[in-house]
Amino acid sequence: MTKVDAKPVRVSQTTITELMIPAYANFGGKIHGGILLSMMDKVAYATASKHAGTYCVTVSVDKVEFLQPVEVGELVSMHASVNYVGNSSLVVGIRVEAQNVKLGTIKHTNSSFFTMVAKNDDDKPMQVPKLILENDEDVKRFIETMRMKEIKNSVKEKMDDAKSKIEVDNARELLKDQRCQIKIRL
Ligand SMILES: CC(C)(COP(=O)(O)OP(=O)(O)OC[C@H]1O[C@@H](n2cnc3c(N)ncnc32)[C@H](O)[C@@H]1OP(=O)(O)O)[C@@H](O)C(=O)NCCC(=O)NCCS
């Protein structure tokens, strides 16, 4: 089989729509966040594997903030496209919308980003085709993702640093305005 060197964004763009049934709801009658996350993971896989032409795994998930609740009876659509490719990794952007067909409303619940890695038959990361950017939106998303990756790397370094510099001896002063109590059990 010939190896494809590059693919346009549009070739792997994927939308899935699913009816939100009562079994997906929590005790408050709203749809569980986990149901939406599972759908997002599936559409991310479909999109990434279409581009990569191979099996992909989920490595990290960014910007999952549910801005509005989803109700039973709504149609949830996930619009996904490959925003960026590295060597073996791909970042899939997913826009989630919930449609109420009776009211004729569509609400945007979240836009999230899944980093996926393509794997070969030996379960090792393998190179994916380059991304062909065919319009301004494709270019904008690629650059946005490059910037987000840079920010994420610097935040990761700061978080690792923050974890390594915690002095428990100073904790009482540091936590005096927080909603916790220190009662060390020896
Ligand atoms: C992620 C994984 C493939 C990395 O494997 P590795 O042998 O360390 O490979 P590398 O260090 O070469 O990384 C491969 C790619 O993943 C990217 N990557 C690794 N960790 C990452 C992270 N935390 N966030 C974003 N990207 C990451 C690297 O940047 C690299 O991208 P590039 O090839 O485009 O430059 C491996 O740890 C894995 O298989 N994890 C389990 C994934 C899984 O099973 N997911 C399902 C959920 S249970």
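This is a predicted model: local features need pLDDT of at least 70, side-chain atom pairs count only at pLDDT 80 or more; totals for chains, interfaces and linings use all residues.
**Notebook: sheet, helices and ligand shell**

Residues are numbered from 1 along each chain as its sequence is written.

S81 lies in strand β4; for the element names I rely on DSSP runs numbered from the N terminus, helices being H or I of at least four residues and strands E of at least two. Is S81 buried or exposed? It counts as buried, because it has 22 C-beta neighbours inside 10 Å; the scale I use calls a residue buried if 20 or more other C-beta atoms lie within 10 Å of its own, exposed if 12 or fewer, and partly exposed in between, with C-beta atoms placed from the backbone. I also checked S81 against K7, and the two are 74 residues apart in sequence but 12 Å apart in space, C-alpha to C-alpha.

**The sheet**

I then traced the strands and found that 5 of them form an open sheet, in the order β2-β4-β5-β6-β3, with antiparallel pairing; two strands pair if DSSP finds at least two bridges between them. β2 and β3 stand at the edges with a single partner strand each, so one side of each has no neighbour in the sheet. From one strand to the next the twist averages 30°; for such angles, axes are lines fitted to C-alpha atoms, for helices over the stretch in contact, and angles run from 0 to 180 degrees between N-to-C directions.

Between β4 and β5, which run antiparallel, I count 10 bridges, and V82 stands opposite V92 in β5. A hairpin through 3 residues joins these two strands, β4 and β5. Strand β5 (residues 89–100) is joined to β6 by 12 bridges, again in antiparallel fashion. Along this pairing I looked up I94, which stands opposite S112 in β6, and Q99, whose bridge partner in β6 is I106. β5 and β6 also form a hairpin, with 4 residues between them, and G104 in the turn has a positive phi of about 70°.

T17 is exposed, because it has 12 other C-beta atoms within 10 Å. Its contacts, leaving aside neighbours within four places in sequence, are L75, V76 and S77. T17 and S89 are 72 residues apart in sequence and 26 Å apart in space, C-alpha to C-alpha.

Which strands does helix α2 touch? Helix α2 (residues 33–52) packs on the sheet and touches β2, β3, β4 (75–85), β5 and β6, with its direction at about 40° to that of β4. α3, by contrast, lies across β3, β4 and β5 and runs at about 80° to β4.

I checked the length of α3 (residues 136–164) as well: at 1.5 Å a residue its 29 residues should span 42 Å, and the end C-alpha atoms are 42 Å apart, which agrees; the expected span is 1.5 Å times one less than the number of residues. α3 is hardly covered, with 1 buried residue among its 29.

**Two loop residues**

K63 is found in the loop between β3 and β4 and has a positive phi of about 60° although it is not a glycine. K63 counts as exposed, with 12 C-beta neighbours inside 10 Å. D123, in the loop between β6 and β7 (130–132), also is not a glycine and has a positive phi of about 65°. D123 is exposed, with 9 other C-beta atoms within 10 Å.

**Around the ligand**

Which residues are around the ligand? I list V57, T58, V59, S60, G86, N87, S88, S89, T115, V117 and P125, a residue being near a molecule if its C-beta atom, placed from the backbone, lies within 6 Å of it. β3 (56–62) and β6 (105–118) each supply at least two residues of this shell, and the largest share, 4 residues, comes from β3. By kind, the shell divides into 4 nonpolar, 7 polar and no charged residues, where Ala, Val, Leu, Ile, Met, Phe, Trp, Tyr, Cys and Pro count as nonpolar, Asp, Glu, Lys and Arg as charged, and the others, Gly among them, as polar.

Technical notes. Two residues are in contact if their C-beta atoms, placed from the backbone, lie within 7 Å.
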